[in-house]
Amino acid sequence: MSKIHATAIVDPKAELDSSVEVGPYSVIGPNVRIGSGTVVGPHVVIEGHTTIGSDNKFFQFSSIGAAPQDKKWSGEATRLSIGDRNTIREFCTFNTGTVQDKGVTTLGNDNWISAYVHLAHDCQVGSNTIFSNNAQLAGHVEIGDWVIMSGFANVHQFCKIGAHAFVGMSTSLTQDVPPFVLLNGNPAQAHGVNIEGLKRRGFTREQINGIRTAYKLIYRSGLTLEEAKAALLAEEAASPAEVAEHIRSMREFLGVASRGIVR
């Protein structure tokens, strides 16, 4: 039997695993599904067509699965999907998607989401990310695995941030960020490779050196974007497999960047 506090309101149509805990004064809507081991703290509202995996922890006063803050939304049954083992701290707001995009907002696994973070409609957030307090995503943003968003960083709608990037505090981001890049400022500027983060995640010296070479081809060589893609392809072909895969991810990102890359 779920551990539901007497003051919580859980719609009878909601599907909660028997191990789910729901704290005082929380509200769970009819189209919500919550997996095993998840703990919903006090004063949390979870609504909309929201699916939540296992072993998540929601702290007090968060709003999860509310309607998108988009004037085009007309009541369509769009969704929010949250994976496993995420920590969601106080006063977070995660909205469902819109039919104008994928129709779903997603958060992967093992993410640490600090207080006052906003995930707008249709955002796609990967796994193992860290969002510090007040990091904010506008609609349709894509965030790769292992990205770190520092406090008060803001991302414009439709931007993409590649895996292992580091976004500095109070950064205002209006363009796409290739994988592994460290950036900061308002407007945002690239300041090299997120070397410390890569070391902590077990990247070898050879892999990091290959990523740095790719970064220099994009940012320090004076090449156009198309020329940089060709140079990256040549570097990839000449590199060992464990290095080439990371150069490839940077090259392929340039092919899907739609707002231009941060300079």
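**Helices and charged pairs**

Modeller: Start with R200 and E196: they are 4 residues apart in helix α1 (residues 195-200), so about one helical turn separates them. Helices here are DSSP runs of H or I with at least four residues, strands are E runs of at least two, and both are numbered from the N terminus. Note that the model is predicted: local features need pLDDT of at least 70, side-chain atom pairs count only at pLDDT 80 or more, and totals for chains, interfaces and linings use all residues. Residues are numbered from 1 along each chain as its sequence is written, and side-chain values use heavy atoms, leaving out hydrogens and water.

Colleague: What does R200 form with E196?

Modeller: A salt bridge, with the closest N and O atoms 3.8 Å apart. The term means a side-chain nitrogen of Lys or Arg within 4 Å of a carboxyl oxygen of Asp or Glu. Side chains of opposite charge can pair when their charged atoms come close.

Colleague: Is R200 buried or exposed?

Modeller: R200 is exposed, at 68% relative accessibility, while E196 is partly exposed at 45%. Buried means under 20% relative accessible area, exposed means over 50%, and partly exposed is in between, with a 1.4 Å probe and protein chains only.

Colleague: How many salt bridges does a search of the whole structure find?

Modeller: The search gives 9. One of them joins K229 to E226, with the closest N and O atoms 3.0 Å apart. Both residues lie in helix α3 (residues 225-237), 3 residues apart, about one turn of the helix. K229 is partly exposed with a relative accessible area of 22%, and E226 is exposed with 54%.

Colleague: And where do the side chains of E236 and R251 meet?

Modeller: In a salt bridge, 2.9 Å from N to O. E236 lies in helix α3 and R251 in helix α4 (residues 241-256), so this pair ties together parts that are 15 residues apart in sequence. E236 is buried, with a relative accessible area of 10%, and R251 is partly exposed at 21%.

Colleague: Which residues are linked in a network of salt bridges?

Modeller: D101, K102 and E142.

Colleague: Which residues line the largest pocket?

Modeller: Among them are E142, K160, H164, F180, S249 and F253. β21 (142-143), β24 (160-161) and α4 each supply at least two of the lining residues.

Colleague: Now the sheets. What order do the strands of the 9-strand open sheet have?

Modeller: The order is β2-β5-β8-β11-β14-β17-β20-β23-β26, with parallel pairing. Two strands pair if DSSP finds at least two bridges between them. The edge strands are β2 (9-10) and β26 (172-173), each pairing on one side only. Inside this sheet, 2 bridges join β14 (residues 93-95) to β17 (residues 118-119), and F94 stands opposite L119 in β17.

Colleague: What is the pairing in the open sheet that 11 strands form?

Modeller: Mixed, in the order β1-β4-β7-β10-β13-β16-β19-β22-β25-β27-β28. Its edge strands, β1 (3-4) and β28 (189-193), each pair on one side only. β27 (residues 181-184) and β28 pair in the antiparallel sense over 3 bridges, with L183 opposite A190 in β28.

Colleague: Which strands does helix α2 lie across?

Modeller: Helix α2 (residues 205-219) lies across β27 and β28, at about 150 degrees to β28. Axes are lines fitted to C-alpha atoms, for helices over the stretch in contact, and angles run from 0 to 180 degrees between N-to-C directions. Contact means heavy atoms within 4.5 Å.

Colleague: Last one: in which strand is H49 found?

Modeller: H49 is in strand β9 (residues 49-52), and counts as partly exposed at 32% relative accessibility. Leaving aside neighbours within four places in sequence, H49 is in contact with N31, A77, T78, R79 and L80.

Notes: On a 1 Å grid over the protein atoms alone, a cavity is a set of points where a 1.4 Å probe fits but cannot get out, and a pocket is an open set with protein on both sides within 12 Å along at least five of seven lines; lining residues have an atom within 4 Å of a point.
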